[in-house]
Amino acid sequence: MSSTEESDGADSLERDRGQQWRDILNDPNSSKELRDFAQSHVNDSIGVGKIFSGTPELKFGQEEDLRKLVGAWGIVEDFEEGRWKKDDEYGIVSAAADIILEKEGDDGKEPICLRLRGMQGDNSIDCIASYPKICNACNRVINDSNTDGVLKSNAYVVLGFLQGYSSLENMRGDAINNIKKAVKMNPTDWRLHAMLATRNMAIFNTTLSLESIRRAKELTSDQYAKFDLAMREGKILFNLGRNEEAIDTFEGVISLYDNGMKNHHKMNHRVIGRLAVAEYMLVTGYGLKGKSAKVANHYRNAERKRNSIDIKVAKAIDWTSRTLATAVVSEMHPGFVSHGECHQCKKVTDNPKRCTACKSVFYCSKECQSASWKNGHNKQCKTLKAERDNKKADDKKEYVARKNRSKLPPLDVNLDPKSLWKEGIRLSKSGHYEDSAWKFLLALFMDAALDANNMDPVKNAVQGCVKDNPVAMALSPILAPPERRFDMYAKMYEQAATKEPKKPVEMSVSLDDVDRNDFAHGMSHIMYARKIGIIFSCKSAADARRTETKVAFDNVARIVLCSSAFIDPQRWLTQQFELGYSSMDVGAIYEAEKWLNQFTNTLGSTDSLRSNRGVIQHWTKMKSSAEARLSQLPLLKSISKQNPGMLQECETGGDECAIM
């Protein structure tokens with residue numbers, strides 16, 4: 001597009017912020033470039049942050065608060081196009097940051113209010129290129145030695161925001177780094193921590209996102225902010241499978257709502273919808289625990305909240321959690337769900353009548369029930385009743401089995417990695433290659449230093465396994481030449497990352513119950529994470545401040561967390577240690593404290609272990625390492641409150657993990 005066309009476009013926007021651009025979109029003779037330009041302006045006016053290249057379809061009906069935000073962002077647009085009359089670009093930077101943080105402080109929903117003039121032909125978004133003037137102003141603020149920390153923090157916020165909502169892959173890391181710098185400059189603003197949590201979630205780094213949310217909760221005195229952050233925290237915990245913590249968090253959220261938060265001026269239909277989603281998650285959580293009364297109560301309350309909100313708002317909410325909750329409540333309380341399909345006429349009714357015998361089918365009327373009985377239900381009823389009774393009995397057995405499994409000691413508590421290694425050598429020599437490879441993998445899980453031993457037995461075991469055996473494949477990188485190992489670790493991890501566990505990881509009662517393939521996929525994650533950690537283990541504080549080092553340790557924490565889908569930390573002490581150590585290396589002190597405390601508490605006194613010298617020596621060493629790390633937490637918490645930006649620098653400069 002020529003500069004003349006762009007100038008004409010700006011004049012048209014001044015005369016009429018909308019109709020001129022719609023005329024262009026509706027004109028079939030408009031060029032693609034002009035249509036893209038017009039569409040970006042229309043998107044801006046209705047709060048849509050994405051271009052719909054070449055299509056005249058408009059997306060109206062945005063929420064009122066987003067419309068207000070778009071209006072507030074207009075001062076940035078005026079500054080960018082030279083319409084800002086005041087000579088105060090530093091003031092513009094602060095105003096832009098306040099707009100961004102105000103929305104971030106509301107509920108973490110991304111503030112979609114960009115004009116996006118820099119749309120590319122492939123629909124990619126480069127927000128930095130779209131806002132050159134505000135970006136230059138931010139850089140001048142950052143480079144000005146006379147500006148204070150708060151103003152510099154505002155500049156980093158604006159840059160991080162623009163980078164974070166660009167679709168260009170290389171900008172996402174830069175966005176997080178700039179928001180981290182903002183936190184360092186202004187560590188007491190809870191909204192910055194909330195913003196950092198949002199950006200970490202965008203790259204699936206849930207450990208750091210959870211950490212930032214918890215810091216934000218500590219810093220804010222605003223009860224609504226605590227309420228909102230707790231909803232976000234509970235959702236993350238639920239998605240991580242940490243059911244007990246998620247339940248406690250969501251119960252706290254509901255308690256806040258019931259005890260006055262429902263009358264807060266920010267309590268709109270969208271927030272009530274999010275609260276309903278949280279309560280549906282509670283239904284699923286209590287269902288896993290077999291708490292039928294809690295399931296019924298929370299499902300009933302969630303339905304009331306959902307039915308109370310505006311239908312347009314409801315359509316914009318993801319109700320996946322309701323689907324899961326409905327399945328849970330239907331299993332535990334047949335007939336409880338408010339809508340049912342008539343078994344005879346197939347119509348959906350608000351007041352279904354359940355067959356009192358089998359309790360498995362519903363009817364809209366007595367007439368349909370009578371007709372169904374004559375049409376064959378009289379023969380099906382006994383069968384359905386028996387099936388239901390059998391399932392109820394099986395569910396009860398499973399609940400008891402789960403409860404009993406939770407009392408079992410961890411699977412590795414009485415294992416010694418050196419003894420496992422020796423057993424692997426013996427099995428390899430006797431030709432039991434798959435069992436041998438399994439022992440070697442377990443030994444390396446518990447102590448990675450064992451790969452310094454003679455590798456010939458491992459090589460024999462791997463070569464003796466059938467082709468594509470996941471256990472053998474997980475071991476294969478340690479047999480490769482040193483210059484190829486990292487690439488092989490990365491390859492094994494990439495393959496494992498596409499897999500799903502074949503069975504619930506918490507189901508294993510003994511080592512014989514462990515799915516070896518699932519465990520191997522988890523180990524491919526862990527071995528790759530350990531290799532990254534070794535490469536980037538820093539020897540000086542200067543190295544620790546390098547951006548690539550911080551990113552590497554962030555990735556380690558994320559990969560170890562992902563491995564828990566295959567290796568349940570509730571059943572493996574070593575996994576608890578891995579999670580605690582990797583969390584501490586990125587300054588996630590709350591997560592580190594949780595896992596390391598659980599590790600030491602679960603392990604208890606070494607006197608309770610079997611009288612095997614190797615077992616006692618191994619766990620004594622691990623426990624001492626965990627306790628040493630836990631002893632650092634009070635100091636680290638103090639540092640995080642005074643200057644959170646320093647925390648990661650302290651942690652990435654430490655000694656290597658004892659099991660790396």
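Helices are DSSP runs of H or I with at least four residues, strands are runs of E with at least two, and both are numbered from the N terminus. The model on screen is predicted, so local features need pLDDT of at least 70 and side-chain atom pairs count only at pLDDT 80 or more, while totals for chains, interfaces and linings use all residues. Residues are numbered from 1 along each chain as its sequence is written, and side-chain values use heavy atoms, with hydrogens and water left out.

**Stop 1: Lys 550**

Select helix α26, residues 547–563, and pick out Lys 550 within that helix. Lys 550 counts as buried because its relative accessibility is 16%; buried means under 20% relative accessible area, exposed over 50%, and partly exposed in between (1.4 Å probe, protein chains only).

**Stop 2: Lys 152**

Go to helix α8, residues 149–164, where Lys 152 is placed. Lys 152 is buried and has no salt bridge. A salt bridge here is a side-chain nitrogen of Lys or Arg within 4 Å of a carboxyl oxygen of Asp or Glu. Which side chain of opposite charge is nearest to Lys 152? Select Asp 144, at 6.3 Å. For charge, Lys and Arg count as positive and Asp and Glu as negative; His and the chain ends are not counted.

Next show Thr 147, whose side chain makes a polar contact of 3.2 Å with that of Lys 152. A polar contact is a pair of N or O atoms within 3.5 Å; within protein, one must be able to donate a hydrogen and the other to accept it, and residues adjacent in sequence count only if both atoms are side-chain atoms.

**Stop 3: salt bridges**

How many salt bridges does a search of the whole structure find? The total is 19.

- Select Asp 189 and Arg 191: they form a salt bridge with the closest N and O atoms 3.1 Å apart. Both residues are buried.
- Select Glu 423 and Arg 426: their closest N and O atoms are 2.6 Å apart, in a salt bridge. The two are about one helical turn apart because they sit three residues apart in helix α19, residues 417–429. Glu 423 is partly exposed, at a relative accessible area of 27%, and Arg 426 is partly exposed as well, at 47%.
- Select Lys 594 and Glu 245: this salt bridge has its closest N and O atoms 3.1 Å apart. Lys 594 is in helix α28 (residues 589–603) and Glu 245 in helix α13 (residues 243–258), so the pair ties together parts 349 residues apart in sequence. Glu 245 is partly exposed, with a relative accessible area of 22%.

**Stop 4: a surface patch**

Select Arg 354, Lys 359, Lys 392 and Lys 396, which gather in a patch of positive charge on the surface. Patches are made of residues with over 30% relative accessible area and no salt bridge; like charges are joined within 9 Å, and nonpolar side chains (Val, Leu, Ile, Met, Phe, Trp, Tyr) within 5 Å. Arg 354 belongs to strand β3, residues 353–354, and is partly exposed at 31% relative accessibility.

**Stop 5**

In helix α15, residues 292–308, find Lys 294, which is partly exposed at 39% relative accessibility. Its C-alpha atom is 7.2 Å from that of Val 283, eleven residues away in sequence.

Then move to helix α17, residues 320–332, and select Thr 320. Thr 320 is partly exposed, with a relative accessible area of 46%. Val 277 is 43 residues from Thr 320 along the chain, and their C-alpha atoms are separated by 8.5 Å.

**Stop 6: Asp 468**

Finish in the loop between α21 (456–464) and α22 (470–475), where Asp 468 is found. Is Asp 468 buried or exposed? Asp 468 is exposed, with a relative accessible area of 56%. Its phi is near 65°, a positive value in a residue other than glycine.

Key
Accessible areas come from the Shrake-Rupley method with a 1.4 Å probe; for residues, only the protein chains shown count as cover. The place of a charge is taken as NZ of Lys, CZ of Arg, CG of Asp or CD of Glu.
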